[in-house]
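Biologist: I am new to this model and would like to learn how to read its features one at a time. Could we look at it together?

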Amino acid sequence: MRLERSANTKRNIIVGMLDKITGILLPFIVRTLIIHIMGADYLGLTGLFYSIIQMLNLAELGFGTAIVYSMYKPIAEEDTKAINSLMKYYAKVYRRVGTVVLFAGLSVMLFLPYLINDEVPNDINIYILYFIYLFSSVSNCFLYPNRRALLSAFQRDDMIGRTHVLTQALMYMLQIVSIILAKDYYLYALTVPITSILFSILSKNRADKLFPQYKEEGELDPEQSSEIKRQVTGLMIRKVAVLSRNALDSMFISAFINLKMTTIYGNYYYIVDSVVMLLAVFGSSMTGGVGNSIALDSEEKNLKDMYSVNFLFMLISGWCAIIMLCLYQPFMLMWVGEKLMLPFGYTVAFSLYFYILKMSDIRSLYSGSAGIWWQMRHISVAEALTNLVLNWCLIQFLGLMGVILASMISYIIFNFIGGALMLFRYYFTNEKPTLYFIKHGVYFAVTMLIGTVTFLVVSLIGIEGIPGFIIKAVVSASVSAALYLVIYCWTKDWKQAEPMIKKMLKRKQKSNEQN
């Protein structure tokens, strides 16, 4: 079966963007209310506990991605029996994973006091609060994760997105009520497991309605089961590296500085993460289509597609990074006030960090779709260990800036450079990665040039407050976009990507058979 990739991608992007916008604006309101009504320390606790739960979810993330990858081939071959056996295997494994996460999470409770270098608010029991978040994570492992994987494998993330928008909106509305009216942080935290369970149930119902022919039945042959376990191992190691850039940062800041700085860092990183979430829609919307293309098309075609998609993605990423550079401090001043702001140097660091994080997104999309996680395990371990050591060393001398630099350095060396080398070694075997690195070097240089010019133009605007912010936003977006267009419109990259742009913007799409 050849999936309607363009139609699916366009639909997924629309719903995904709605999902992410909801997941950015409403949490922004919640963060603001917590800071101004309850205090920054409460938000610091939330960030710390979320980071711990992320680390515990390594196994859950590994199995989910591996099963989706395993479904690409049977979907392309319309092998219902194989899909059913994968569904059953997935459900069984996830119950075991949930049990492991539960007991590992309970064990972490013993070390909670050592992860907080500050006074905890008097009305908070850190063990009760932590268990609420842990319960939410464990429930996801037991409540129909295989059904969500089925939707993703068929590139129907829009169905998941619609359900997520509904449940997330409900959660944030309940949180707002609990903060304003009850001023009870436990009620705020309880909304997380409640809406998480609701999301799992609704997602299962959507999957059953759309794909009633698939049931949890049959057994995997030992060879396939062994291959999935191998891929899962590689994926889990990969997730260690990914989470070491995010979860460990908050833990180090909390343990070595204080909860207030954890909140300040979280506020700045919230901007980075919000834009990352928006751009992630493009990658997640294409995942099923890229997997289907790798199963059916030639390496040459996929390499050409990757270069075109990567060009467009880095153009958008660079544009976003430049706007962030120009608007970071004016926005923070309006949002949290001068007392919770960092010096301008951190604005440059966070904007650069964002751009660096995006440099490997499309490569990662193709690496994951090609299933080379196991081959990348050594690089992933090296990245995680390097980031851990650099965090420990640099935070002693550079404080918060050391945490950001540690993540950037380890990411460039192992994820960007090492990840690309592995993709060309194990999938694009007939090509060398030289052109890939040259292209990224050009994209980076162009973005730095445009970013400098745009920032200098915006800095001439002396108007403050909301009017000034709006003017700066319009100027930074339009000037940088115009400069990108002038520089790139005559290039080979633009001409190769132009058909893809037109195809994505085309209004009339063929109806998807799965609708």
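Biologist: Which residues of helix α13 are buried?

Modeller: Buried means under 20% relative accessible area, exposed means over 50%, and partly exposed lies in between, with a 1.4 Å probe and protein chains only. Helices are DSSP runs of H or I with at least four residues, strands are runs of E with at least two, and both are numbered from the N terminus. In α13, the buried residues are I362, R363, L365, Y366, S367, G368, S369 and A370. Helix α13, residues 361-370, is thus mostly covered, with eight of its 10 residues buried. After α13 comes G371, with a positive phi near 70°. Please keep in mind that this is a predicted model, in which local features need pLDDT of at least 70 and side-chain atom pairs count only at pLDDT 80 or more, while totals for chains, interfaces and linings use all residues. Residues are numbered from 1 along each chain as its sequence is written, and side-chain values use heavy atoms, with hydrogens and water left out.

Biologist: How many helices and strands does the protein chain have, and what percentage of its residues is buried?

Modeller: The protein chain has 18 helices and zero strands, and 56% of its 515 residues are buried. A further view comes from contacts, meaning heavy atoms within 4.5 Å. Among the contacts in the protein chain between residues at least 6 apart in sequence, 85% join residues at least 24 apart.

Biologist: Where does T22 lie, and which residues does T22 touch beyond its neighbours in sequence?

Modeller: T22 is placed in helix α1 and counts as buried at 15% relative accessibility. Leaving aside residues up to four places away in sequence, T22 touches P27, V165 and A169. The C-alpha atoms of T22 and V165 are 6.6 Å apart in space, although 143 residues separate the two in sequence. R162, in helix α7, is partly exposed at 39% relative accessibility, and its C-alpha atom is 8.4 Å from that of L18, 144 residues away along the chain.

Biologist: What does L143 touch in its loop?

Modeller: L143 sits in the loop between α5 (126-142) and α6 (145-153), and it touches R148, I197 and S200 when residues up to four places away in sequence are not counted.

Biologist: What is the phi of K183, and is K183 buried or exposed?

Modeller: As a general idea, most residues other than glycine have a negative phi. K183 has a positive phi, near 50°, and is a residue other than glycine. K183 lies in the loop between α7 (157-182) and α8 (185-210), where it is exposed, with a relative accessible area of 51%.

Biologist: How many aromatic pairs are there?

Modeller: Rings of Phe, Tyr and Trp (its six-membered ring) pair if their centres lie within 6.5 Å, and planes under 30 degrees apart count as stacked, over 60 as edge-to-face and the rest as tilted. By this rule there are 31 aromatic pairs. One of them is the tilted pair of Y269 and Y353, with 6.3 Å centre to centre and 40° between the planes. Y269 belongs to helix α10 (residues 259-296) and Y353 to helix α12 (residues 344-358), so this pair ties together parts that are 84 residues apart in sequence. Y269 is buried at 14% relative accessibility, and Y353 is buried at 1%. An edge-to-face pair is formed by F311 and Y488, at 5.2 Å centre to centre and 85° between the planes. Because F311 lies in helix α11 (residues 299-335) and Y488 in helix α17 (residues 465-488), their pair ties together parts that are 177 residues apart in sequence. Both F311 and Y488 are buried. Ring pairs also link Y366, F416, F424, Y427, F428, Y436 and F437 into a cluster.

Biologist: Which residues lie nearest the centre of the second largest pocket?

Modeller: On a 1 Å grid over the protein atoms alone, a pocket is an open set of points where a 1.4 Å probe fits, with protein on both sides within 12 Å along at least five of seven lines, and lining residues have an atom within 4 Å of a point. The second largest pocket is lined by 19 residues, of which I24, I271, S274, V275 and F331 lie nearest its centre. Helices α1 (5-38), α10, α11 and α17 each supply at least two lining residues, and α11 gives the most, with seven.
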